[in-house]
Amino acid sequence: MALMEWGPTLSVKVKKFDDQHKKLVELVNQLHDAMKAGQGDAMLGLVLQSLISYTATHFADEEKVMQVNGYPDLAKHKIEHEKLVAHVLELQKKFQSGGAVLTLSVMSFLKDWLNTHIQGSDKKYGVFLNAKGIS
Ligand code: FE2
Ligand code: FE2
């Protein structure tokens, strides 16, 4: 069974970002599957890198749209993104130096972070953008 599922409760009502969130959920599930299947470090490293790269693209896209539209909570939102990026890069560093960091608790941290961030902060920009006619 997949670790996470994208459903209507995660919709921010902006198609581009719903699509990106679906992809993020898929990557988190891929990492979870690879971990559960006992895949080697090379494979885990690749999936982790895909997740990190895609997350960077996604955060940059969100921040760009918020900025262009004068979203008042951009600074706060950016800090949330930055904290997660720092956390995951730290994880990757540990992983690369041989630490067995890809554990179930790390996976549930990622899952919880995504769920909380999307349903809280991301939904707020969704409401704001919708009011500007962006969906
Ligand atoms: Fe997001
Ligand atoms: Fe976000």
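Is His81 buried or exposed, and what is its relative accessible area? His81 is buried, with a relative accessible area of 1%, where buried stands for under 20%, exposed for over 50% and partly exposed for values in between, computed with a 1.4 Å probe on protein chains only. His117 is buried as well, at 4%.

This is a predicted model in which local features need pLDDT of at least 70 and side-chain atom pairs count only at pLDDT 80 or more, while totals for chains, interfaces and linings use all residues. Residues are numbered from 1 along each chain as its sequence is written, ligands are numbered from 1 in the order in which they are written, and side-chain values use heavy atoms, without hydrogens and water.

Donors are N, O and S atoms within 2.8 Å of the metal (3.2 Å for Na, K and Ca), and sites may look incomplete because water is not among the atoms.

| Ion | Donors | Distances |
|---|---|---|
| iron ion (ligand 1) | His21 (NE2), His58 (NE2), Glu62 (OE), Asp122 (OD) | 2.1 to 2.2 Å |
| iron ion (ligand 2) | Glu62 (OE), His77 (NE2), His81 (NE2), His117 (NE2), Asp122 (OD) | 2.1 to 2.3 Å |

Glu62 coordinates both ions, which lie 3.5 Å apart. His21 belongs to helix H1 (residues 15-36) and Asp122 to helix H4 (residues 104-131), so this pair ties together parts 101 residues apart in sequence; helices here are DSSP runs (H or I) of at least four residues, numbered from the N terminus. Both His21 and Asp122 are buried.

Distant parts of the chain are linked by His81 in helix H3 (residues 74-96) and His117 in helix H4, 36 residues apart.

Methods:
Helix = DSSP H or I, 4+ residues; strand = E, 2+ residues; numbered from the N terminus.
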